[in-house]
Amino acid sequence: MDKIKELYSAEQISKRIAELGAEISRDYRDLECPVVIGVLKGSFCFLADLVRQIKLPESMQIEFVHLSSYGSGTASSGIVQALYLSLPNIKNRHILIVEDIVDSGRTATFFREYLKDQFMPASLKLVALLDKTVHRISPVKPDYVGFSVGDVFIVGYGFDYAEEYLNQAQRYRELPYLGALVDGANNL
């Protein structure tokens with residue numbers, strides 16, 4: 001049985017997301033129908049709570065893509081997999097990418113470049129629930145950050161741990177808090 005050390009409670013997450021929502025609301029209040037794109041699967045809890053906190057005079061368009069660089073391990077594989085990358089025509093729109101975590105930065109860099117090449121956005125910003133700079137390879141800095149974390153593997157609140165060799169994929173996404181998986185690699 002894995003051990004999990006709680007890092008951020010459901011209450012702390014909720015409070016921080018409300019703050020992010022207020023900040024994004026101020027920055028986007030004069031923009032016409034911004035497009036919010038959630039990067040699945042890890043961002044689904046964060047995106048749902050965040051968009052409910054963003055108050056704009058115009059409606060937002062919400063889209064999803066499925067990108068991954070983790071696979072079944074606890075570290076980035078170094079290869080970005082575009083599992084689902086189908087978007088409508090969002091050319092010249094104001095785009096906000098919603099990521100669960102920016103770790104190595106490969107996925108965020110890949111997706112930002114893809115959006116720039118395909119849609120030439122009027123503006124392009126990135127919000128990440130977690131910013132983990134310890135393994136940063138690509139020079140990407142989120143425009144909005146929920147929390148900064150060190151060299152720990154996070155589970156809960158949409159983040160999972162996949163032990164495919166044990167046939168136990170996507171464990172712990174349902175936890176209402178963010179926790180660090182404690183094992184031989186994460187001695188907390």
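1. Let me begin with F153, which is buried, since its relative accessible area is 8% and the cut-off for buried is under 20%. Please keep in mind that this is a predicted model. The ring of F153 pairs with that of Y161: the centres are 5.8 Å apart and the planes stand at 70 degrees, so the pair is edge-to-face. Y161 is buried too, with a relative accessible area of 9%.

2. The whole structure holds four aromatic pairs. Another of them joins Y114 and F119, whose ring centres lie 6.3 Å apart with planes at 80 degrees, so this pair is edge-to-face. F119 counts as buried at 8% relative accessibility. Together with F111, Y114 and F119 make up one aromatic cluster.

3. Do look at the open sheet of three strands, ordered β1-β11-β8 with antiparallel pairing. β1 (3-8) and β8 (154-155) are at its edges with a single partner strand each, so one side of each has no neighbour in the sheet. Two bridges link β8 to β11 (residues 178-182), and I154 sits opposite A180 of β11.

4. Which residues of helix α2 (residues 44-53) are buried? They are C45, F46, L47, L50 and V51. These buried residues pack against α1 (10-28), β2 (35-40), β3, β5 (94-102) and β6 (123-131).

5. Finally, Q61 belongs to strand β3 (residues 61-68). The side chain of Q61 makes a polar contact of 2.8 Å with the side chain of E63. Leaving aside residues up to four places away in sequence, Q61 touches C33, P34, V35, V36, P88, I90 and R93.

Technical notes
Residues are numbered from 1 along each chain as its sequence is written. Side-chain values use heavy atoms; hydrogens and water are left out. Helices (H or I, at least four residues) and strands (E, at least two) are DSSP runs, numbered from the N terminus. A polar contact is a pair of N or O atoms within 3.5 Å; within protein, one must be able to donate a hydrogen and the other to accept it, and residues adjacent in sequence count only if both atoms are side-chain atoms. Contact means heavy atoms within 4.5 Å. Buried means under 20% relative accessible area, exposed over 50%, partly exposed in between (1.4 Å probe, protein chains only). Two strands pair if DSSP finds at least two bridges between them. Rings of Phe, Tyr and Trp (its six-membered ring) pair if their centres lie within 6.5 Å; planes under 30 degrees apart count as stacked, over 60 as edge-to-face and the rest as tilted.
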